[in-house]
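Please read the report below alongside the sequence and the coordinates.

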Amino acid sequence: MQEEEIEGKLKQDILDILDYCINCRFCLPSCPLFDITTGDISQGASGMTRALYYAVKWGETDKEILNELRNILYSCMTCRNCEVACKDLSTGTRLAEAIEKGRELLIEEMIGPMPQQKRALESLYLYGNPYEVPSSKRKAWLMGLNVPSFSREAEVLFFIGCTAPNDLDAQNMAMALVQLLKEAQIRCGILEDEICCGCPSLKMGERGLFEEICEKNLNQFTSLGVKRIVTFSPHCFDTFLNRYPQEEMQGIKVQHYSQFLADLIEQKQLVFKTRVEKKVTYQDPCYLGRYNDVYDEPRRVLDSIPGLELVEFSRARADSLCCGGGGGRMWADFDAEVDRLANIRVKEALQAGAEIMVTACPWCLINMVDGVKSLNVEDSMKIKGLPELCVEAL
Amino acid sequence: MAEYPEYKPEHIYEDLRKILPEESLSKSLFERINNALDPYTFASDISQEEIPYIVVRPASTEQVSKLMKYAHSKKTPVFVRGSGTSLQGASRYRHKGIVLNVNRLNHLNIMKDYGFVEFGPGHRVLYVKEQLEKEGYFLPLVPGSIRVASIGGIISNNTTAHAVDSCLGKPRDYILGLEVVLPTGEVLQTGTRGLRRAAGTDLTHYFVGGDGLLGVITGIRMKLLPGFKNAYGVAFFDDQIPLARAVQRIYLEKAPPPLFLEFLDKRVAQISFEIQGLASPPGPLIMFHAIGQTEEEATYKIDQLVGVIQKESPIDAKRIEELDEWRRIWLARESALPFICQAAKGVFGLSEIVSTVPDLVDCLKEAMNMSKGMPTLEKLGEPYLFGHIGALTFHPVFVLPVDWSAEEKAKAIDEMFFKEAEINAKYGTCGGEWGQFARRTPFYLKRYGEKAFELVREMKKLFDPNNILNPDVLPDE
């Protein structure tokens, strides 16, 4: 498609999606961003999408105004809380999808992404990851995991994703997961030259780059005969499951590791023998829960740990609060915010009476660890990845 | 439409920043657009020429007063806005001017010793409800939009929403006093700090249910009500006629009035029950919720209601023992409208038909036949029907296909409000939920006559000589 055609189609798609919105604003109280900004309607859910709607409808070309729109659209964490509210209470408008398309449009018009996000996209293009980690360094870390390279003998491709090689807390979580897979005697392999799944580019609106990455990964999967992928990150999980071409993913089963662990526990391939006498709360990652309805499996894993008491957040499952890291926000800061979602969530975990907050997403982990530090509650609240807690229970 | 001098937005901004804090002013294009929209946009979409000059979010009565004095001196319209959820245009921005968003007017003091609560208009209703419930009190405001609607709008509208009036009364019955900024900028205190409300003239009542025409409410003082115990019931019928007769019986046989008594027609009941994983109901149904000081009292009331309802031979009528069952049934009611829209791939047009007790059966039939003779509505067929039948209210719903043009949707909405006015005028009733003016002015004229309308207009002039506060909610003609 020509550039103009692409833009025209994006604009029409945006208007078509947003024609369902009736400005009832039932989504606003559900929008975490609206909660942590100063009360501007355009800083929340349908306020953002109405901004997009009128910018498209009126053919806005003023660069200053489009930059304002960019700041609005890119602040969304794409957590889909708004879509849940709209489905339950109103017309079922796909607000987060419209925002994603709005970002694509801004990229086409050379307005997006946010200035800080450009480096992440450049890094994706150059190194295959958004963290500016050279391929050689990433490969060295991956090899240090002592997991064999994927071959046709392997049952499972363990897709680690970009975050673990770049963050110490996420590394510990990934290493714990490897230990669990070994404990269960799973024949798994990794890709030595693993590159990103493409999620960050997709969420920042850089669809062309996503398609390139997608093609590279699909070629690898095909040539290696991959039949089953277990992802470390919920974001990779969602991307492979829902955003890669269905026809080319046929025959490949995609699971998040929390689902895989739940299966292993059910089949008695993984048994926890050590008691963990702790009150634990579980942070539902948006891309596992609201995007893919994976709520029960991580809880089943936790339930199988002897001695552990699961205490739920007052808002859990589909109502869960985002950590603030989705939608490309790991690479951008926004001035309008007066609080951090992770801080709010840590306080909620303390209110729930938890000693440990467990999550199954590396981005949630990073944000929550920061939240605990910034609130100075390291003595009363620990943040752990689900695999780390499981390892303690072996 | 009223006419006003035109100003440049930047001049208004420069003037206002001299008298108001910077953080209370927003000149962002998108914020101005968002503050000018309400749920019936498709009936009268905003144009680029109409965008508000500025959005002002004052944090105190004093700031509101300064703004109103300024606007009065400049003869510039001011549109007061909470969450903007009005379904008939009461919160709609409709003339080039300033939007006064009340969401920073959000004080909340529960004065247990005095027996009242004081709060600002900017809170969402649900928030105030939750705060009161934590202290063991009940908020007598129950809009369907409770999650998002702002409490100032509910008070300005005096809406009973879901509740049965004969059980709960109107919000006005609980308001002890107000702080109000007049369109000319003066600040009024009305009512009392005592629990005994004023006899005789009390200006509180001009503003509660005043459709936002006479002043800007900046503080509300409301009686504290102790929390209740609850009991629940449900009744399924073969047909809607005996169902309506059962409701008539509740009134005629002096059964205890329930807090809520909701109705779903067969189509709506089946769609919404299926979504909630409940067994598909065989026909239309009513669900009811009674309150009492004790569980025994609430249960007694439900049993009385079930006894009366059974005289109309329902398929089943029973008290609900399990709270979870009630929650699911209530959720089915709450989710009825969204799921109808989603199933029919459209956006809703909702009206409010109110009956008298003796006319309930006939009124129900007329609501079902609402599209007849209306060229645009007829394309949509019979409306989906549900509503607060305990308050003798029906909400016929038309789902307007999303791909209809804005003009066609507007025609449908116009026809719907025309028919609503015709039926309510016929039965001598009026809407109890959405205010009297804005889109409903033709009904007001028809129902109460030219003289009544003229008196309202004269009163508006008295309070607001330059007609700057929410102008055109009360049209010129």
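## Contacts and overall form of chain A

Among contacts in chain A between residues at least 6 apart in sequence, 78% link residues at least 24 apart, two residues being in contact if their C-beta atoms, placed from the backbone, lie within 7 Å. This is a predicted model, in which local features need pLDDT of at least 70 and side-chain atom pairs count only at pLDDT 80 or more, while totals for chains, interfaces and linings use all residues. Residues are numbered from 1 along each chain as its sequence is written, and chains are lettered from A and ligands numbered from 1 in the order in which they are written.

Chain A has a radius of gyration of 21 Å, which agrees with a compact globule because one of 394 residues would have a value near 21 Å; the radius is taken over C-alpha atoms, and the globule rule is 2.2 Å times the number of residues to the power 0.38. Of the 394 residues of chain A, 54% count as buried, that is, with 20 or more other C-beta atoms within 10 Å of their own, C-beta atoms being placed from the backbone. The chain contains 19 helices and 8 strands, which are DSSP runs (helices H or I, at least four residues; strands E, at least two) numbered from the N terminus.

## Domains of chain A

The domain assignment of chain A gives domain 1 (3-112) and domain 2 (117-264), with bounds that come from an automatic or database domain assignment. The centres of these two domains, taken over C-alpha atoms, are separated by 30 Å, and 7 residues of domain 1 of chain A are in contact with 5 residues of domain 2 of chain A.

## Contact between the chains

The contact takes 28 residues from chain B and 27 residues from chain A. On the side of chain B that touches chain A, the elements giving two or more residues are α2 (29-34) and α12 (336-343) of chain B, and α2(B) gives the most, with 5 residues.

## A sheet in chain B

In chain B, 4 strands form an open sheet of mixed pairing in the order β1-β2-β4-β3, where two strands pair if DSSP finds at least two bridges between them. The edge strands, each pairing on one side only, are β1 (25-26) and β3 (78-81) of chain B. Strand β2 (residues 54-56) of chain B pairs in the parallel sense with strand β4 (residues 98-101) of chain B over 3 bridges, and V56(B) stands opposite L100(B) in β4(B).

Key
Buried ≥ 20, exposed ≤ 12 C-beta atoms within 10 Å, placed from the backbone.
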